[in-house]
Structure formats: C-alpha cells, structure tokens
Amino acid sequence: MSAVGLRASRPAYALFVLPFVALYAALLIWPLLKGVFISFHDHDLLSNESFWVGLANYAELWDDEVFRQVVGNTIRFVAISTPIFVILSLSLALALNRPGKLAFLLRATFFCASVFSVTLVTLVWKLALMPGRGLLPQLLTALGLPELPLLTDENLALLTVALITVWWIIGLPMILFLSALQQIPAELYEAAALDNASRWRTLTRVTLPSLKRAIVLVALIELIRQFQVFPQILLMTNGGPNNSTRPIVQFIYEQAFMQLSLGYATAASQVLLAIMLVGVSAQIWIERDKKGGRA
Amino acid sequence: MASLKLQNISKRYGATQVIADLSLDVAEGEFVVFLGPSGCGKTSLLRMVAGLEEASGGRILIGGRDVTQAPPGQRNLAMVFQHYALYPHMSVRDNLAFGLRNIGVKEVEIARRIAEAGRMLELDALLERKPTQLSGGQRQRVAIGRAVVKEPGIFLFDEPLSNLDAALRGRTRLELAQLHRRLGATMVFVTHDQIEAMTLATRIVVMKGGAIEQVAAPAELYRRPATRFVAGFIGTPGMGFVPVQRAADEEGFAVLALPGGGRLRTRVPAVGLPAGALSLGLRPETLHPAADGAIQGSVEMVEFLGERTLAHLKLADGSALIVTLNGVRPEVGESIGVAVDVNEAHLFDESGRAHHALEPSA
Amino acid sequence: MNPLLRRGWFDRLLMAGLCLLALAWMLPLLWVLALSFKPNEFLMARTDVFLAPPYTLDNYLDILGTSAVFRWLGNSALVALLQTAGVLVLSSLAGYGFARCEFPGRRWLFAFVLFGLAVPAQSVFIPLHHQFTSWGLQNTHAGLILPGLAAPFGVYLMTQYFKAIPLELEEAALLDNASRLKTFVRVILPLSLPAQATLGIFTFLACWNDYLWPLVIATQPDMYTLTRGLASTQTNFAQSEGLGFLMAQAVFAGAPVLLLYLFFQKHLVSAVSSR
C-alpha cells in the first residue's frame with residue numbers, strides 16, 4: 001500500500017462513498033434482510049402480531065394452488081414475450097443498422113413508446129381495444145374479421161398483454177442489438193464480399209454468429225425484466241379473467257395489502273428474488289466470458 | 001533553485017524489481033537528463049522524485065530536506081507532463097493560477113507571475129482561451145508556464161517533446177535551453193531521444209534495466225562512453241562493434257587481429273585489459289575509406305543523408321560496420337578498405353566495460 | 001455498414017415496409033391524439049372519424065379545470081427533480097470514491113454495492129413499505145423520493161466514467177496542492193457533464209414513470225404522482241361518457257415525456273446501451 005501519491009490509502013477518502021452506502025444499506029440491503037426475516041414469521045398486519053413459523057410460509061406457498069398458477073402465468077408470459085422480443089428487436093436492428101435520416105427517424109419511432117409510463121400505455125391500449133368503439137375492433141370489422149375478446153378471454157388475455165408489452169418496450173433490446181452490430185468489424189463483411197458470399201450467407205455465417213453472445217444476453221435481460229411484470233397486467237386485466245394473467249408480483253402485492261399477511265407476502269418475494277439471482281448470475285457469467293474471450 | 005539527492009533508491013512493482021540501489025547527486029542549476037530505452041526505469045525515477053510514486057527503499061532529498069514521505073505539492077518542485085495534463089475546462093489563466101491559489105498566494109502576486117510567464121513564453125494572447133482551443137505547441141508552453149509560475153526549486157519534465165512533430169521539436173528544444181539559461185533553475189528531464197539529451201543536458205544519466213550505466217556531460221559521454229551500451233546508444237548512428245582477437249602487445253599497447261587478416265596497433269594500454277572476448281568500438285564518423293585501410297569489407301548498402309553518405313559494410317567474419325564516405329561512390333558488392341583512427345578506437349571487454357585510447361599528448 | 005442491404009429494389013421494399021410498420025406502430029397513439037379533439041358526446045356514438053370535424057378543445061380545457069391533475073403533475077415533477085438531483089450528487093461522490101480513491105475496504109464495499117444491481121425493487125418493496133410506514137413516511141414527498149436514491153446503477157455508471165478520465169489530470173492537481181475534495185469539485189466534476197446528463201435523464205424518466213412504489217407509498221389522492229393518478233381514472237370506462245376527456249388525459253400525460261425524449265434522445269440511448 002502506497003503512502004504517497006494518488007494511490008495513497010486514507011480512511012478519510014471513504015467519506016466520498018459513505019452517503020450513498022449509508023442510504024443503500026438502509027433502504028435496499030436492510031429491507032432485503034428484513035424481508036427474509038419476516039418471511040419466517042406469521043405477521044398479520046391487522047393485529048400487528050408476528051410469531052416465528054420457520055419455513056411454514058414457504059411450505060404453504062409450495063402447496064398454494066393460486067401461487068402455482070401465478071408462477072405458471074409468469075412463466076408463460078416470459079415464454080411468450082421473450083422470443084418475440086429477441087426476434088423482433090433483432091430484425092429491426094438488422095434492418096435499421098444503416099446511416100441516413102430515414103433510418104434514424106424509424107429507430108426513433110420504434111424506441112419512442114418506451115419512454116411513456118405504463119399507465120399511459122395501458123390507457124391507450126384499453127381504449128384501442130374497447131369492444132365496439134376501440135380502434136382494433138373497428139379495423140377488424142372493416143376487414144370483415146370477427147371481433148376478438150382479446151382482454152376478456154382466458155386464453156387470449158395473457159397473449160394480448162404480452163404483445164402490448166412488446167409494443168411498448170421493443171426499443172430497448174433494439175438499441176442493445178444495434179450497438180452490438182456496430183461492434184462487428186467492417187473487415188469481416190469485406191472479406192465475406194470478396195469470398196462471394198450471398199446476402200443470406202453473410203447474414204447466417206457472419207452477422208448472426210458474431211451476435212451470438214448479444215442474443216443470449218438480450219434474451220436473458222428480457223427474461224429477468226419480464227419476470228417482474230406487474231403494472232400493465234394489473235391495469236389491463238387485474239389478474240383475470242379467472243386468474244389467467246395474475247403475475248407473481250401482483251400476488252405479492254395482494255398478499256401484503258389486501259390479505260394483510262406480511263410473512264406470506266415476503267416469502268413470495270424471496271421466491272421471486274431467488275429466481276432473479278439465478279438469472280442475473282447467468283447474465284454475469286456470460287458477460288464475464290465475453291470480456292475474457294475478446295480477440 | 002534546489003539540489004536533488006537520491007540515496008539508494010529502489011522500486012518494486014509487486015515481485016518485479018524495477019530499480020535497485022540507485023544513487024545520484026544533482027547540483028543546483030544543473031540540467032540533468034535521464035536517458036534510456038523504454039522500460040529502463042527513468043520515468044519511474046522521475047515520478048518518485050515528484051512524489052507520484054512511492055520509493056520502495058531509499059531517500060530523496062531536495063535542497064537538503066528529506067522529502068521521501070512528503071506529498072507532491074510540498075516538495076518545492078513543478079512538473080511538465082508528457083500529455084501536458086492541462087485542466088480542459090479552465091482558461092489558460094486559471095490553469096496557471098490554480099496551484100498558486102491552492103496555497104494561498106495573493107491574487108496580486110499571482111497576476112504578476114502570470115504576466116511575467118506570459119511574456120517569457122509568449123502566452124499573453126492566449127490567457128483567456130481554453131486548452132482545447134490551442135495547438136499542441138501552445139499547450140506545451142502553457143504546461144511549462146504552469147510550472148514556471150510556481151517558482152519551484154526543481155523543474156521536472158516527462159518526455160515533453162515526444163508529442164510534437166519534428167519541426168516543432170527542434171524549436172522547442174531551443175526554447176527549453178533558453179529557459180534554463182534565463183531561470184538558472186535545476187531541471188530534470190526524461191527522454192528516450194539521445195539527440196534531445198545531448199543538446200540540452202549539462203549532465204546525462206544513461207539508464208538501462210533500472211540501473212545507471214553512466215553519468216557524464218554530453219561530450220564525455222560521446223568521446224569516452226563507459227559501457228558498450230552507452231557507446232551504442234549515443235550517436236546517430238551509434239558506435240559500431242567488431243569482434244577482435246588479441247595479438248602480441250607492442251610498447252605496452254594492445255594489438256588486435258582484425259577480421260579479414262588486418263592488424264591494428266591501438267593506443268589502448270594493455271595493462272588492465274581482461275582476458276576473454278574483446279570488441280573494437282568504432283564510430284562511423286571516424287571511419288573513412290582508404291585503399292590500404294586496416295579493415296576490408298564489402299558494401300551492402302549506401303545511405304545518402306544529405307550532409308553525409310553512409311555505407312553499410314559486411315566484414316570477412318560477417319560482422320557489420322557503418323562507415324562515412326568522403327566523396328567515394330562505391331557500388332553495392334564492391335570491396336573497400338577502411339582506415340581506422342587509433343585515437344578514436346575503443347575496446348570493450350566481455351562485461352561491456354570500455355577501455356579507451358590514451359589521450360594524445362599535446 | 002451493413003452490406004446486407006446493398007441491393008436496390010430489396011432495399012427500397014424493406015424501407016417501405018418498415019415505414020408502414022412504423023406507422024402501424026404509432027397508430028394507437030395517433031388515434032388517441034386525434035380523438036382527444038372530439039367532443040365526448042360525439043364519441044359515445046362513433047369513434048371511426050379521424051381527421052374530419054367536429055373538433056373541440058373542451059377536453060383539454062376540462063383537464064385544466066381539474067385541479068387534481070395539476071397536483072399530480074406537481075408531485076411528479078417535484079419528486080423526479082429532487083430524486084434526480086439526489087442521485088446525481090450521491091452517485092458522483094461515490095463513483096469518484098470507488099474509481100479513484102484508495103481506502104481500507106474499498107473493494108469489499110464496491111462489491112457490496114454492485115450486489116444491489118441484481119436485486120429488483122419488487123423484492124424489497126414490501127418490507128421497505130413496512131419500514132417507511134413505521135417511520136411515518138407514508139404519503140410524504142420524502143417517502144416517494146428516498147428509495148430511488150439507493151439504486152446502485154448510478155454509482156456503477158459514474159464509477160466506469162471516472163475511471164476513464166486520464167490519471168495525469170489528477171496528478172497535476174496533486175502537484176498543484178489541491179486537496180482530494182478540491183480536485184473532485186474543480187477538476188473531475190466539470191469533466192463529467194455528459195455522464196451526468198445521461199444519468200440525469202435516465203433517472204428522471206424512471207422516476208416519472210414509476211408505478212409500483214408510488215402505488216404503495218402514496219395512498220391519498222393528493223399525493224399521487226401523475227402516473228398513479230392517471231391509473232386511478234382508468235376505472236370501468238367501457239361505458240364511460242368521458243372518452244374524449246380520457247384521451248386528452250393520455251395526451252396530457254404523454255406530452256412532457258415526449259418532449260423530453262425528443263430533446264434528449266441521444267443521452268437516453270447511450271444510457272441504455274451502457275448497461
């Protein structure tokens with residue numbers, strides 16, 4: 001440890017990080033730990049009594065049919081939306097990875113929706129899907145197609161919300177792919193051109209292999225984010241119809257604020273956290289590989 | 001002005017020892033250049049003097065005061081960085097004033113010093129501009145100005161000319177020499193360019209592998225290099241070396257058997273010459289073609305440099321030698337003889353130590 | 001440059017297709033915008049008229065007359081501005097500390113902070129809410145602002161940025177007798193303006209659009225943020241008579257964000273791609 005120069009170690013320098021770390025510890029780490037702690041209790045918010053029950057909450061979650069369905073819904077939501085996210089954003093990125101005003105405008109257009117709040121988006125789409133007077137039903141009728149009960153049908157509701165979510169935030173993964181595309185050295189394409197590679201060949205043999213890591217990364221990022229889905233489902237279908245769209249976070253929310261059983265809610269939060277940590281660990285593992293393997 | 005004394009300095013980066021037991025005395029007013037190839041430790045040494053790196057061992061004394069543990073700002077020195085390190089968002093004036101304001105110098109005094117430095121370095125017109133609006137040469141003068149206004153005991157320069165183009169480098173070299181004359185300040189200058197060192201220094205510290213090879217004035221370094229490394233490093237091109245065999249001494253001087261059969265009676269005293277392989281060191285400037293010259297070689301390449309022409313020769317044993325042509329225009333492949341001036345012939349033993357010819361008597 | 005799209009006619013076809021797609025993409029938004037200028041009574045009967053009359057500004061006037069919307073707007077603005085300011089200050093200080101300073105335990109502390117990047121807000125909002133309630137911070141501006149200050153993303157961003165600033169500048173400041181704090185404020189901070197802008201925009205937007213935390217911490221309508229407030233009006237409006245009014249609300253809520261986006265597009269995109 002140096003005592004001189006910039007690398008001198010002084011305890012006083014810790015004051016730079018202290019304000020943030022204090023808030024961080026108090027408002028993120030402490031609630032996290034507290035949450036784990038409470039999840040081992042039966043804590044009724046009405047009477048404000050809490051007593052230790054060990055793993056009973058988790059056992060109950062395991063047997064809880066509603067929770068299972070909720071987890072199932074969330075998995076289905078992620079399974080529907082993630083492939084669409086990846087394929088659509090990749091296609092858009094590939095098509096729009098070019099200079100020029102038009103491409104710029106188009107990129108801006110597709111990204112635009114992601115700056116709006118979820119309530120705005122759900123309001124717009126609820127209006128657009130209104131039976132009879134909504135934009136979509138009118139378009140369908142004009143084309144001679146039957147009106148679909150998109151938000152009120154058990155089998156269609158989750159799909160609909162998933163598609164709306166894609167519509168909303170397609171911009172973010174598109175940008176990620178665009179920056180990955182821009183890191184492919186131009187020489188690769190030039191070599192392929194000299195090798196007489198067709199457009200399709202270049203795409204499949206040059207571009208996509210170079211994007212392999214980015215694809216996995218984007219898929220993982222979307223997976224992690226969509227596992228936490230909540231507001232758009234709450235506002236569009238409120239978990240219905242018939243529990244077919246209720247996600248994990250809504251379950252947590254209702255357990256805490258409607259059933260008022262804090263222990264059960266925090267136990268469910270820990271389950272969500274565990275799933276998140278697995279996902280993020282995978283993300284870090286892949287990204288580390290990227291740094292090490294760069295030629 | 002202050003003197004600089006380095007006592008038994010050593011520097012370790014982890015397990016690698018970069019400098020071991022280095023000592024040096026720099027007197028007041030000297031212009032000392034740390035010269036050497038990259039990795040020789042010259043920059044590490046400078047940064048230790050500045051206080052930007054900590055010495056693993058040894059002491060640093062500035063003006064007689066032990067500053068080994070002192071913070072950089074308290075060592076009575078100023079530094080001109082390789083990339084100038086000007087504060088990009090401050091005007092030139094604020095760049096110059098920053099250090100002085102931090103130690104509480106009065107604004108009147110600050111203004112006076114800035115005006116004087118501005119005059120000396122032709123910065124008057126640039127004082128209100130930002131560094132991004134300046135050319136490379138102008139930025140460098142501001143960096144020097146920042147050091148000048150501090151009125152330090154020692155100026156440190158970290159390869160300041162390496163970022164300038166060739167024409168500007170020559171001009172700036174002159175300006176630095178003038179600055180030294182004008183301020184009479186102690187200056188420590190780091191470079192890998194031996195021309196800069198030769199033209200600017202009062203004394204040069206030649207370094208290799210973290211150790212000092214030789215400390216001497218430029219002329220001494222050129223005429224009597226202490227080691228084979230110094231001899232080959234100084235000069236454009238540096239000294240050339242030919243492996244030779246010892247023949248019987250004559251009159252106390254070493255006699256050499258040269259490749260190709262020639263014989264050379266040197267003026268190097270035979271006493272003190274160690275056994276083992278010897279190299280004959282010859283500077284191209286002292287070698288000219290002569291039909292009856294002691295060395296014979298075939299011409300591999302001819303280089304026309306304008307003020308002189310060099311020929312690269314290959315000798316009988318395969319070793320290479322560069323000679324200066326004096327009007328003769330040999331063809332490639334032609335065999336020519338080279339005359340050796342024995343007063344400029346140096347011998348180097350196996351360990352690289354030099355053995356010089358005796359000074360010619362008046 | 002992507003040589004995939006060099007051929008002439010395919011290129012043009014592709015761009016035309018994308019333009020159509022973009023138009024379709026924007027269609028719901030444009031539809032809402034168009035209809036917001038139609039009177040409510042008209043919309044009860046039919047909604048298939050886009051650009052033709054009737055037009056009215058009544059819906060927007062009604063919004064201006066509703067004090068609640070302005071209250072919500074004010075809350076959102078206040079909370080977002082204060083949180084952004086707080087995040088910028090805290091993240092810059094901590095970022096510099098981690099990037100350039102040495103102190104005992106630095107590495108551990110940094111790893112500790114990075115761990116938080118993996119923890120989603122959804123996992124801690126329940127105990128956090130419980131905590132805030134017991135501190136009496138429910139339905140206060142402080143309650144809305146504070147949790148956002150603990151997010152490690154800003155610290156991560158600023159740390160990376162400060163690491164890239166040349167060391168020579170700080171060494172020069174050291175030789176200029178500047179204290180660490182002075183070096184930070186006078187030399188380093190002014191050079192970090194692009195990163196500050198990026199982080200600032202990103203934080204402002206995230207805070208403005210946040211739904212979950214305001215939902216749980218602000219239960220009284222006068223403490224609602226715009227996002228939350230807008231949601232509270234989205235009750236059973238299939239039978240609603242105020243369709244035009246609802247649409248005007250949507251436009252009203254979206255306009256500031258859109259303006260922000262148009263001006264600061266560059267920074268937003270760089271914030272996203274730097275993750």
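Two residues are said to be in contact if their C-beta atoms, placed from the backbone, lie within 7 Å. The model described here is a predicted one, and each value given below was computed from it.

## Contacts between the chains

Between chain A and chain B, the contact takes five residues from chain A and six residues from chain B. Sorted by class, the side of chain B that touches chain A consists of two nonpolar, two polar and two charged residues.

Chain A also meets chain C, and there 76 residues of chain A are in contact with 77 residues of chain C. On the side of chain A that touches chain C, the element that gives the most is helix α1 (residues 18-39) of chain A, with 12 residues. The residues on this side of chain A divide by class into 56 nonpolar, 13 polar and seven charged.

From α5(A), the contact is made by Val124(A), Trp125(A), Leu127(A) and Ala128(A), while α1(C) brings Pro28(C), Leu29(C), Trp31(C) and Val32(C). By class, this contact of α5(A) with α1(C) has eight nonpolar residues, with no polar and no charged ones.

## Buried places in chain A

Val86(A) is found in helix α3 (residues 65-96) of chain A, and it counts as buried because it has 20 C-beta neighbours inside 10 Å. When residues up to four places away in sequence are not counted, Val86(A) touches Ile215(A), Val218(A) and Ala219(A). The C-alpha atoms of Val86(A) and Glu222(A) are separated by 8.4 Å, although these two residues are 136 residues apart along the chain.

Another part of chain A to look at is helix α12 (residues 248-257), which is mostly covered, with eight of its 10 residues buried. The buried residues of α12(A) are Ile248(A), Val249(A), Gln250(A), Phe251(A), Ile252(A), Tyr253(A), Gln255(A) and Ala256(A).

## Chain B as a whole

Chain B has eight helices and 21 strands, and its C-alpha atoms fill a box of roughly 75 × 45 × 45 Å, taken along the principal axes. Of the 362 residues of chain B, 40% count as buried. Among the contacts in chain B with a separation of 6 or more, 64% are accounted for by residues 24 or more positions apart.

Chain B is divided into domain 1 (4-229) and domain 2 (237-355), and the centres of these two domains of chain B, taken over C-alpha atoms, are separated by 39 Å. Five residues of domain 1 of chain B are in contact with six residues of domain 2 of chain B. On the domain 1 side of this contact in chain B, the classes are three nonpolar, one polar and one charged.

## Strands of chain B

Strand β7 (residues 154-158) of chain B is largely enclosed by the rest of the structure, because five of its five residues are buried. Ile154(B), Leu156(B) and Asp158(B) point one way from β7(B), whereas Phe155(B) and Phe157(B) point the other way, and all are buried. Strand β6 (residues 77-80) of chain B is joined to β7(B) by four bridges, and the two run parallel; here the bridge partner of Val80(B) is Phe157(B) in β7(B). Five bridges join β7(B) to strand β8 (residues 186-191) of chain B, again in a parallel arrangement, and the bridge partner of Ile154(B) in β8(B) is Thr186(B).

Chain B also holds an open sheet of five strands, with antiparallel pairing and the order β15-β19-β16-β17-β18. The edge strands of this sheet, β15 (288-289) and β18 (320-325) of chain B, each pair on one side only. Within the sheet, strand β16 (residues 295-304) of chain B runs antiparallel to strand β19 (residues 335-339) of chain B, and four bridges join them. Gly297(B) stands opposite Ile336(B) in β19(B).

How values were computed
Residues are numbered from 1 along each chain as its sequence is written. Chains are lettered from A and ligands numbered from 1 in the order in which they are written. This is a predicted model: local features need pLDDT of at least 70, side-chain atom pairs count only at pLDDT 80 or more; totals for chains, interfaces and linings use all residues. Ala, Val, Leu, Ile, Met, Phe, Trp, Tyr, Cys and Pro count as nonpolar, Asp, Glu, Lys and Arg as charged, and the others, Gly among them, as polar. A residue is buried if 20 or more other C-beta atoms lie within 10 Å of its own, exposed if 12 or fewer, and partly exposed in between; C-beta atoms are placed from the backbone. Two strands pair if DSSP finds at least two bridges between them. Domain bounds come from an automatic or database domain assignment.
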